[in-house]
Amino acid sequence: MTQTRSDEQPQAQKQAACVACSKAKRRCSKHLPACHRCLSKKLDCAYPVTVAMVSSSATSLTNGTARHDLSTSDASLVSPLLPDGSLSLGGPPGPVTPRAARLDLQNLWFLKFDSWQIDSDDLDDNRITYPDSGIDYFLGSIKKWLDQWTRENHCAFIHQRLYGTNLPAPLQYAYATWLAYRASTGSANKKIAIDMALRWSRNLVQEQSIYQGIEDDALDLITHLSRTQTLFIFQMICLFDGDIRARSQAETHSSTLVKWCDAAMRRAAIDVASGPSPSPGESINEPEITQLRAHNTPASTWKAWILSESIRRVWILATLTEAAFLIKKQGFSMCPGSIGFTCRSGVWDSLCHQAWLACIQSESTVDIPRFCKGLYRLMDVAIPTDADEFALVLLAYGKGKETLDEWLAFGRQEIAQY
């Protein structure tokens with residue numbers, strides 16, 4: 001649980017219980033944007049507007065302060081968001097200054113060059129192995145996410161606003177192939193679906209050297225990302241289906257997929273380091289999301305974050321899927337490294353920049369960003385409901401499904417006390 005500082009205690013005491021808890025006459029945790037009870041019971045959480053709340057907001061704006069629970073390792077990458085909804089410079093909060101003086105696009109954590117560096121341990125032996133229960137849960141979750149994507153046009157690694165309804169051609173092939181694969185009820189239908197995955201993944205790789213193309217700026221970042229997501233989906237079919245021919249081809253494409261993911265990370269780092277600041281009248285990510293740049297507005301920043309987070313999540317899933325296959329095949333894999341990503345509950349699923357901003361600014365036991373390395377420490381410092389589904393699946397991958405279940409059960413007991 002996040003401890004309240006002594007200088008904030010009077011403010012916390014003035015916060016009224018939410019409407020749902022008041023009606024049920026239950027204790028309210030008074031967390032924002034939703035209390036623990038409402039989160040656990042999936043209730044709409046709303047707080048009554050009081051004079052104390054208005055006074056508190058005015059005081060916060062006057063003093064220019066904002067709450068941030070940051071670990072030492074993560075603090076250098078985080079750019080705090082001020083209470084007025086604007087984006088501030090990094091560093092400790094201070095007096096409110098004019099908007100032009102405190103906005104700095106280079107200081108947003110996901111638009112920093114350093115945030116795109118893959119942290120690899122330089123060890124003599126960096127072999128890794130993980131529990132079978134965690135790996136099986138990880139692979140099963142990806143399949144469920146792809147099922148969700150074909151039903152709802154979004155999942156834990158394909159954001160609903162990234163492409164909208166205008167899926168790039170490669171992803172259209174992946175969409176049709178996954179539907180055919182999951183709908184197959186007989187061996188003949190299944191063979192057709194696998195042949196589709198084999199043919200289109202082979203064409204995708206042979207069409208041109210994407211790895212070389214991205215380095216030479218032959219492809220824009222969003223095109224490269226869509227191709228990488230597509231190849232990953234084909235790999236999920238071919239690597240783990242059990243078909244010998246499919247597995248053989250997928251193994252040859254595994255190194256290609258990892259190269260494409262690494263290339264996307266390098267290209268993103270180059271783009272944020274060398275891209276010029278947008279001019280005031282320049283259209284950024286309107287209407288389509290295409291750039292890792294933003295104006296000094298929550299809307300454009302949210303869209304740049306969507307592209308950033310999409311790249312990071314496919315890198316994490318692709319490298320961990322490759323590691324999962326090797327662990328099942330030979331008992332171990334090499335550690336792919338660590339990157340920063342967002343795993344606070346509600347952020348990825350936000351439907352608009354206002355909701356996204358509210359989640360970023362809300363008090364939470366989950367920091368932004370978190371890193372793959374040491375993610376398991378969430379179990380010591382965070383409330384389970386503060387972490388999103390993506391983080392929970394990664395925790396199961398590393399610690400085992402049983403350990404995740406124990407943590408979730410303990411978290412539910414804590415919430416029930418409120």
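**Group meeting: contacts, cores and cavities in a predicted model**

Trp145 touches Cys155, Ala156, Phe157, Leu317, Glu389, Phe390 and Val393, leaving out residues up to four places away in sequence. Contact here means heavy atoms within 4.5 Å. This is a predicted model, where local features need pLDDT of at least 70 and side-chain atom pairs count only at pLDDT 80 or more, while totals for chains, interfaces and linings use all residues. Residues are numbered from 1 along each chain as its sequence is written, and side-chain values use heavy atoms, with hydrogens and water left out.

Trp145 belongs to the largest nonpolar core, which has 96 residues. A nonpolar core is a set of buried Ala, Val, Leu, Ile, Met, Phe, Trp, Tyr and Cys residues joined through side-chain atoms within 4.5 Å. Buried means under 20% relative accessible area, exposed means over 50%, and partly exposed is in between, with a 1.4 Å probe and protein chains only. The residues with the most contacts inside this core are Phe138, Trp145, Leu292, Leu307 and Ile311. Helix α12 gives the most to the core, with 16 residues. Apart from it lies another core, of 9 residues, among them Cys18, Cys28, Ala34 and Cys35.

Now the chain as a whole. There are 16 helices and 4 strands; helices (H or I, at least four residues) and strands (E, at least two) are DSSP runs, numbered from the N terminus. Of the 418 residues, 48% count as buried. Take the contacts between residues at least 6 apart in sequence: 67% of them join residues at least 24 apart.

Leu225 is one example, placed in helix α10. Is Leu225 buried or exposed? Leu225 is buried, with a relative accessible area of 1%. Its contacts, leaving aside neighbours within four places in sequence, are Leu162, Tyr163, Leu307, Ser310, Ile311 and Val314. Leu225 and Ser310 are 85 residues apart along the chain, and their C-alpha atoms are separated by 8.2 Å.

Ser22 is another case, found in helix α2, residues 19–24. Ser22 counts as partly exposed, at 43% relative accessibility.

Next, cavities and pockets. On a 1 Å grid over the protein atoms alone, a cavity is a set of points where a 1.4 Å probe fits but cannot get out; a pocket is an open set with protein on both sides within 12 Å along at least five of seven lines; lining residues have an atom within 4 Å of a point. Grid points are joined across faces, edges and corners, and a volume is the space filled by probe spheres set on the points.

By this rule there are 3 cavities of 30 Å³ or more. The second largest cavity has a volume of about 60 Å³. What lines the second largest cavity? The residues are Phe232, Gln235, Leu239, Ser254, Leu257, Val258, Ala318, Thr321 and Glu322. The elements giving two or more residues to this lining are α10 (221–240), α11 (244–274) and α12 (298–330). By class, the lining has 5 nonpolar, 3 polar and 1 charged residues. For the classes, Ala, Val, Leu, Ile, Met, Phe, Trp, Tyr, Cys and Pro count as nonpolar, Asp, Glu, Lys and Arg as charged, and the others, Gly among them, as polar.

The second largest pocket holds about 500 Å³ of space. It is lined by 22 residues, and the closest to its centre are Tyr130, Cys372, Lys373, Gly374 and Leu375. Two or more lining residues come from each of α12 and α15 (389–399). The largest share, 5 residues, comes from α15. This lining divides into 13 nonpolar, 5 polar and 4 charged residues.

How many disulfides does a search of the whole structure find? The search finds 0, where a disulfide is a pair of cysteine sulfur atoms within 2.5 Å. For Cys335, the nearest cysteine sulfur is that of Cys372, 9.0 Å away. Cys335 is partly exposed, with a relative accessible area of 30%. Cys343 is buried, at 0%. The sulfur of Cys343 is 9.3 Å from the closest cysteine sulfur, in Cys372, so the two are too far apart for a bond.

Last, two backbone points. The peptide bond from Ile368 to Pro369 is cis, with omega near -5°. Pro369 lies in the loop between α13 (353–361) and β4 (370–371). Asn153 has a positive phi of about 65° although it is not a glycine. Asn153 lies in the loop between α6 (132–152) and α7 (169–183), and is partly exposed, with a relative accessible area of 24%.
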